[in-house]
Amino acid sequence: GDSTVGMLSQGLQTEQSLTEPQTRQALDAIAVINKSIGRTKEMIRNLEGRLQKSGVRVAGLQKLIASLKQSVSEKEGLVGQLTGRVDSLQVQVVGLEGAVQQSQETIRVKDMALEERRSELATIYLMMGTKKELSTSGVIVSKGGFLGLGKTVQLTGRFDESQFSRLDTDQEKFVRTPSPKARVLSAQPASSYELKIEGEQMELHILDPREFRKVKHLVIMTG
């Protein structure tokens, strides 16, 4: 009916985009209007046929037929406009879906970059071993002393990171050693960690990750 046509027209004018259910609803309404137009045209043909058979020109009936034809013409024009509007809005929806997908991909890439940056900032490099193992790796050297006695252990500063393991200080808050004796040789601030005996093992607990990871290489001598 005319009320359906009016509501559909008003709805399409106020909508900037259509969701899939709204698109189906609009197309269904247009189909109903098209059926109504078809019934009206059939009525017009019947009325014109009755006029021709009677051979009598009835002014009221002719006026009714003219009104019906005018209504059909207007509704066909409106259906054409509404169909074009729906098609246009469907194209807009497809474009918006593409833009949303592109935005989601952009966000995903940015999230990955942020995670990589976070991991880079939070990660330090750990090497743990006995005095002999660390010396063989070239990480420490013994200096000073007299006749082999009283030598001090010092870091060489030659760190091959392929020999170190990665430690994410945002995710891991302690390091377990295989020995009840352990010593931190690297220069992490003393206030940023503590050593605790847990059973028969020594554990390093990170108290202040931000301070602790300012020194990127952690060297622990065990035994």
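The dialogue below moves from the whole chain to its helices, sheets and aromatic rings.

Mentor: This is a predicted model, in which local features need pLDDT of at least 70 and side-chain atom pairs count only at pLDDT 80 or more, while totals for chains, interfaces and linings use all residues. Residues are numbered from 1 along each chain as its sequence is written, and side-chain values use heavy atoms, with hydrogens and water left out.

Trainee: How many helices and strands does the chain have?

Mentor: Helices (H or I, at least four residues) and strands (E, at least two) are DSSP runs, numbered from the N terminus. Here the chain comes to five helices and nine strands. Read from the N terminus, the order is α-α-α-β-α-β-β-β-β-β-β-β-α-β.

Trainee: What share of the residues in the chain is buried?

Mentor: Buried means under 20% relative accessible area, exposed over 50%, and partly exposed in between (1.4 Å probe, protein chains only). Of the 223 residues in the chain, 30% are buried.

Trainee: What span does helix α3 reach from its first C-alpha to its last?

Mentor: The expected span of a helix is 1.5 Å times one less than its number of residues. Helix α3 covers residues 59–122, 64 residues in total, and reaches 92 Å, close to the expected 94 Å.

Trainee: Which residues of α3 are buried?

Mentor: An α-helix has 3.6 residues a turn, so residues three or four places apart point the same way. In α3 the buried residues include Ile65, Leu68, Val72, Lys75, Leu78, Val79 and Leu82. Ser119 and Ala122 are also among them.

Trainee: What is the strand order in the open sheet of four strands?

Mentor: Two strands pair if DSSP finds at least two bridges between them. The order in this sheet is β4-β1-β9-β6, and the pairing is mixed. Strands β4 (165–168) and β6 (182–184) stand at the edges with a single partner each, so one side of each has no neighbour in the sheet. Within the sheet, β1 (residues 123–129) and β9 (residues 217–222) are parallel and share five bridges.

Trainee: How is the open sheet of three strands arranged?

Mentor: Its order is β5-β8-β7, with antiparallel pairing. Here β5 (174–176) and β7 are the edge strands, each with a single partner, so one side of each is left without a neighbour in the sheet. Strands β7 and β8 (residues 201–206) run antiparallel and are joined by six bridges. Glu198 stands opposite Gln201 in β8.

Trainee: How many aromatic pairs does the structure hold?

Mentor: Rings of Phe, Tyr and Trp (its six-membered ring) pair if their centres lie within 6.5 Å; planes under 30 degrees apart count as stacked, over 60 as edge-to-face and the rest as tilted. The structure holds two such pairs. In one, the ring centres of Phe159 and Phe164 are 5.7 Å apart and the planes stand at 70 degrees, so the pair is edge-to-face. Phe159 is partly exposed at 26% relative accessible area, whereas Phe164 is buried at 8%.

Trainee: Which residues form the edge-to-face pair with 5.8 Å centre to centre?

Mentor: They are Tyr193 and Phe212, with 75 degrees between the planes. This pair links distant parts of the chain, since Tyr193 lies in strand β7 (residues 193–198) and Phe212 in helix α5 (residues 209–212), 19 residues apart. Tyr193 is buried at 15% relative accessibility, and Phe212 is buried at 0%.
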